[in-house]
Amino acid sequence: MFLLSILLLAVGVALVVLRRRAVVEFRFATLTGSLVALVGLLLGLSTFTYVVEPYEVAVPTSLGSVGGTWQPGLHLKSPLTDVTTFSTRPSDLNLTGNDTVEVRSSEGGVLYVDLTVKWSIDPEHTQALYRLSGSSENVQQRLVYPDTREIVRNVFAKHTSVEGYASQREVINAEMGRLITERMAPRGIVVNGVNLRNVKPSDVLQKAIDQKIQQDQATEQAAAAVLTAKAQAEQRRIEAESTAQANSLIANSLTDKILMSQCIEAFKAAAEKNPVYASPCGGSGAGGTPLIVDGTKR
């Protein structure tokens, strides 16, 4: 831009000089030369200023030297100074689709992890970020992206397949967020959140997980059946003890006189209702053989 401005300024001045010396017969040479020189002058002046937009910071470099961080606003600079800007707005690193992270559990099972990392730069560390990455785009590609994938693999390697797939997802997400934040903070990268969006097992691992779940369910059902059988056996034992105690009390209370009295009462009841009946107490004594009596013959 600076060289272009010098070139335009030189052309404009040359047109004006040549027209005044009558070397150029072009009628509007003076006006054209003046306009070209004005454009060149304005372009030249613009190379001495730089405007940093809101939600941006900038790092100037001149002849291999890195300057301090520029905050939003108008800044004066040398035409030989290059300015690299960094956005301070939050950015999202989406590890999905082709960027899905393939991890292995502590058991060797393969899982496919989708997650999003929300991050932004700390303006106070912009100069250090420039030295590490060289540009705002490279901050994500050279720092956030590879370190996040490494941490995700390391965290899932500590857990079993079932934990990573289902039971410990919240714990794993919290651990990844903590480790990513700790890794990025010294570099001037602020991690605003880590969202574990999806964990998908491979086909082979899915079959193994399904079998494990079925085995666990069968084990729980067997344990429940054992508890039920124990409860039923205990109930039957209690009932048997109660029956035995009742029979013992009855046996102790039934004397010969009581039995004979019951037989007589039964005899009377049968004689009133049935012409032919069986007496429960025939023969001699309470243990005699029952008799069949014809009640019509009185």
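Is S161 buried or exposed? In this predicted model, local features need pLDDT of at least 70 and side-chain atom pairs count only at pLDDT 80 or more, whereas totals for chains, interfaces and linings use all residues. Residues are numbered from 1 along each chain as its sequence is written, and side-chain values use heavy atoms, with hydrogens and water left out.

S161 is buried, since its relative accessible area is 1%, where buried means under 20% relative accessible area, exposed means over 50% and partly exposed lies in between, as computed with a 1.4 Å probe on protein chains only. This serine lies in helix α5, which covers residues 161-167; helices (H or I, at least four residues) and strands (E, at least two) are DSSP runs, numbered from the N terminus. When residues up to four places away in sequence are not counted, S161 touches S105, E107, G109, L111 and L205, contact being defined as heavy atoms within 4.5 Å.

A208 and G109 are separated by 99 residues in sequence, while their C-alpha atoms are 9.1 Å apart in space. A208 counts as partly exposed because its relative accessibility is 40%.

The model also holds an open sheet of 3 strands, arranged in the order β3-β2-β5 with antiparallel pairing, where two strands pair if DSSP finds at least two bridges between them. The edge strands, each of which pairs on one side only, are β3 (65-66) and β5 (81-87). Strand β2, made up of residues 56-62, is joined to β3 in the antiparallel sense over 2 bridges: T61 has V66 as its bridge partner in β3, and S62 has S65. These two strands, β2 and β3, form a hairpin with 2 residues between them, and in this turn L63 has a positive phi of about 55°. Between β2 and β5, which run antiparallel, there are 7 bridges, and P60 has V83 as its bridge partner in β5.

Strand β2 is largely enclosed by the rest of the structure, because 5 of its 7 residues are buried. Helix α3, spanning residues 126-133, lies across β2, β3 and β5 and runs at about 60° to β2; for such angles, axes are lines fitted to C-alpha atoms, for helices over the stretch in contact, and the values run from 0 to 180 degrees between N-to-C directions.
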